[in-house]
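Here are my notebook entries from a first look around. Have the structure open beside you and follow along.

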Amino acid sequence: MWQTNYVANQLESQGIKSEIIQFETKGDKILDVSISKIGRKGVFTLELENKLRAGEIDIAIHSAKDLQSNLGKDLQIIAFCKREDPNDVIVSTNPNIDIEKGTRVKIGTSSTRRVALFKNYYPHVELTDIRGNLQTRISKMEQGACDALALAYAGVHRLGYDEIIVNQLDLEKFVPAVGQGSIALEASTSLSDDKRELLRMTVNDISAETCIKAERAFLKRLEGGCSIPVFGLAQISQASLLFRAGIISLDGRKKIQLEKTGNPDSPEELGLQMAEDLLQSGGEQILNEIKKKL
């Protein structure tokens with residue numbers, strides 16, 4: 001809802017009125033099962049996409065990282081909002097939590113990517129599945145379900161919980177999920193050109209769009225979803241597009257991470273090339289092993 005209100009406020013600042021219609025998704029309702037067991041795709045998007053197809057809403061607002069790589073021919077992303085810092089953080093009400101010290105810490109997360117990366121870099125950390133919105137997760141932590149939570153900085157910052165951030169995770173180690181930190185506007189291909197252009201002119205951030213197009217092209221080639229621990233972050237550096245991406249096995253033991261540089265005018269080309277290089281470097285074997293276990 002923060003994301004939706006943010007977009008609505010952006011529109012209102014340009015004199016554009018909007019109506020907010022709220023829906024619960026499967027991912028919102030089922031909180032006692034890990035995401036990978038609910039289903040690979042559409043966990044947080046299916047209900048909204050059905051409303052788009054039915055013409056009941058003009059746009060659906062998502063965390064860009066929650067959108068599956070293949071939307072189908074009748075849906076498209078028409079804009080990306082300016083990206084927040086994309087890194088992961090650890091939050092806790094105990095300011096003395098420090099995963100670098102090697103002491104045993106119980107961390108809650110619902111992300112297979114974060115779980116695998118913790119197993120790789122911080123094997124001393126105990127992990128537990130914690131689901132729900134940010135407030136729900138923090139409440140569970142305070143009730144003793146875990147010592148700390150691993151979360152995207154964007155959500156923590158937007159909802160004003162910066163004061164309980166105890167660790168900023170290194171972007172080179174914890175490369176984020178594709179699209180992390182940005183808000184995506186999804187629409188039906190039947191949306192009028194006038195509305196599409198109005199929305200793009202009002203909220204679309206070209207830099208975020210360029211970077212996430214590369215990331216999503218990479219994800220689409222790998223057919224990755226919420227339950228597949230692939231990661232990718234593209235950043236514009238001077239006149240180039242720097243892309244860091246990879247895949248890690250569920251147990252954290254096998255990890256392939258590559259870097260490539262490309263033309264910002266052809267982000268999808270860079271993303272596809274990254275995917276091909278990753279598959280040929282052993283990523284295909286890891287990907288197949290993951291899919292057999294899910």
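**Entry 1: a strand inside.** I began with strand E1 (59–63) and checked its burial. Four of its five residues are buried, so E1 is largely enclosed by the rest of the structure. I keep in mind that this is a predicted model.

**Entry 2: its partner.** Next I looked up how E1 pairs with strand E8. The two run antiparallel, and five bridges join them. I also asked which residue stands opposite His 62 in E8. I found Ala 184 there.

Entry 3: I moved on to helix H8, residues 193–203. Here I noted Arg 196, Leu 199, Thr 202 and Val 203 as buried. Looking down the helix axis, I saw that the buried residues of H8 fall within an arc of 140 degrees, so they line one face of the helix. On the other side of H8, I found Asp 193, Asp 194 and Met 201 exposed.

What covers the buried residues of H8? My list includes helix H1 (2–13), strands E1 and E2, and E8 (183–188).

Entry 4: Last, I turned to the second largest pocket, with a volume of about 420 Å³. It is lined by 20 residues, and the closest to its centre are Ser 69, Leu 71, Ile 77, Arg 216 and Lys 220. Strand E2 (75–80), helix H9 (206–222) and helix H10 (267–293) each give two or more residues to this lining. By class, I noted nine nonpolar, four polar and seven charged residues in the lining of the pocket.

Note on methods:
Residues are numbered from 1 along each chain as its sequence is written. This is a predicted model: local features need pLDDT of at least 70, side-chain atom pairs count only at pLDDT 80 or more; totals for chains, interfaces and linings use all residues. Side-chain values use heavy atoms; hydrogens and water are left out. On a 1 Å grid over the protein atoms alone, a cavity is a set of points where a 1.4 Å probe fits but cannot get out, and a pocket is an open set with protein on both sides within 12 Å along at least five of seven lines; lining residues have an atom within 4 Å of a point. Grid points are joined across faces, edges and corners, and a volume is the space filled by probe spheres set on the points. Ala, Val, Leu, Ile, Met, Phe, Trp, Tyr, Cys and Pro count as nonpolar, Asp, Glu, Lys and Arg as charged, and the others, Gly among them, as polar. Buried means under 20% relative accessible area, exposed over 50%, partly exposed in between (1.4 Å probe, protein chains only). The arc is that of the directions from the helix axis to the C-beta atoms. Contact means heavy atoms within 4.5 Å. Two strands pair if DSSP finds at least two bridges between them.
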